[in-house]
Amino acid sequence: MSPGGGRTPILIKKAVLETVAYRSTDLPLNGLPEIAFLGRSNVGKSSLINQLLGRKKLAYTSSTPGKTRALYFYRVNDAFYFVDLPGYGYARASKEEQRVWAVLIENYLEKRNPLCGAVHIVDCRHRPTADDLLMARWLRFHRLATITVASKSDKLSRGALARQLPEIKASLELSATEELLPFSARTGAGKEHLWSAILVLLKQHKRGGE
């Protein structure tokens with residue numbers, strides 16, 4: 001059981017950092033399905049991945065935004081990958097660094113055949129930024145199956161969270177049928193629901209490849 005998150009619908013027997021890709025030639029070639037994790041550089045992607053996998057220090061977390069400058073491939077149960085992408089919206093990165101990251105990320109999201117969906121993470125405490133909205137529109141335009149997560153839900157009271165979620169949905173232009181899943185990397189709240197959504201993406205990808 002995970003604190004506040006219910007029973008995880010998958011047993012994590014193995015989770016390892018297998019590949020760090022700085023260029024497209026570094027990407028794995030084994031064809032295992034992949035789930036990409038996207039969000040601003042300070043939104044807590046690595047902490048969320050660690051909570052999902054039940055590992056405290058597998059995905060590197062840092063107090064310095066913008067540390068993730070490559071695509072990090074975490075192989076899970078030798079069955080699929082979680083892929084931690086560079087955070088967007090990091091102003092201190094040089095223009096050249098931002099250009100290189102953008103090309104790498106866009107090529108990956110547009111052309112990567114094993115990619116079966118994305119987890120787009122926003123901070124539940126704040127109104128989505130222009131970069132958050134741009135990413136949501138980009139994912140929608142390219143018809144990439146996306147799970148939208150409102151992270152750091154433990155930072156708000158239950159009432160404040162209930163008021164905030166509809167505002168975030170509206171700001172991201174999510175439809176009535178598109179869920180916004182609250183999640184806390186600290187307590188595990190929302191873990192079961194997020195895992196269930198991820199497993200749906202993996203199953204849909206498997207059926208599509210048959």
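## Overall make-up

The protein has five helices and seven strands (DSSP runs numbered from the N terminus, with H or I over at least four residues for helices and E over at least two for strands). This is a predicted model, in which local features need pLDDT of at least 70 and side-chain atom pairs count only at pLDDT 80 or more, while totals for chains, interfaces and linings use all residues. Residues are numbered from 1 along each chain as its sequence is written, and side-chain values use heavy atoms, with hydrogens and water left out.

Of the 210 residues, 48% count as buried (under 20% relative accessible area, with exposed over 50% and partly exposed in between, using a 1.4 Å probe and protein chains only). Take the contacts (heavy atoms within 4.5 Å) between residues at least 6 apart in sequence: 77% of them join residues at least 24 apart.

Seven strands form an open sheet in the order 1-3-4-2-5-6-7, with mixed pairing (two strands pair if DSSP finds at least two bridges between them). Strand 1 (15-21) and strand 7 (180-182) are the edge strands, each pairing on one side only. On average, neighbouring strands of this sheet are turned by 25 degrees against each other, direction ignored (axes are lines fitted to C-alpha atoms, for helices over the stretch in contact, and angles run from 0 to 180 degrees between N-to-C directions).

Strand 3 (residues 71-76) and strand 4 (residues 80-84) run antiparallel and are joined by five bridges. F73 has V83 in strand 4 as its bridge partner. Helix 3 (residues 130-141) packs on the sheet, where it touches strand 2 (34-39), strand 5 (115-123) and strand 6 (146-151). The direction of helix 3 makes about 160 degrees with that of strand 5.

## Y22 in its loop

Y22 sits in the loop between strand 1 and strand 2. Its relative accessible area is 47%, so Y22 is partly exposed. Setting aside neighbours within four places in sequence, Y22 is in contact with R69, A70, Y72 and L104. Y22 and R69 are 47 residues apart in sequence, yet 7.5 Å apart in space, C-alpha to C-alpha.

## Aromatic pairs

The structure holds six aromatic pairs (Phe, Tyr and Trp rings, the six-membered one for Trp, with centres within 6.5 Å; planes under 30 degrees apart count as stacked, over 60 as edge-to-face and the rest as tilted). The F73 and Y81 rings have centres 5.6 Å apart and planes at 90 degrees, so this pair is edge-to-face. F73 is buried at 0% relative accessibility, and Y81 is buried with a relative accessible area of 0%.

F80 and F82 make a tilted pair, with 5.8 Å centre to centre and 45 degrees between the planes. F80 counts as buried at 5% relative accessibility, and F82 does at 0%. One aromatic cluster is formed by F37, F80, F82 and W195.
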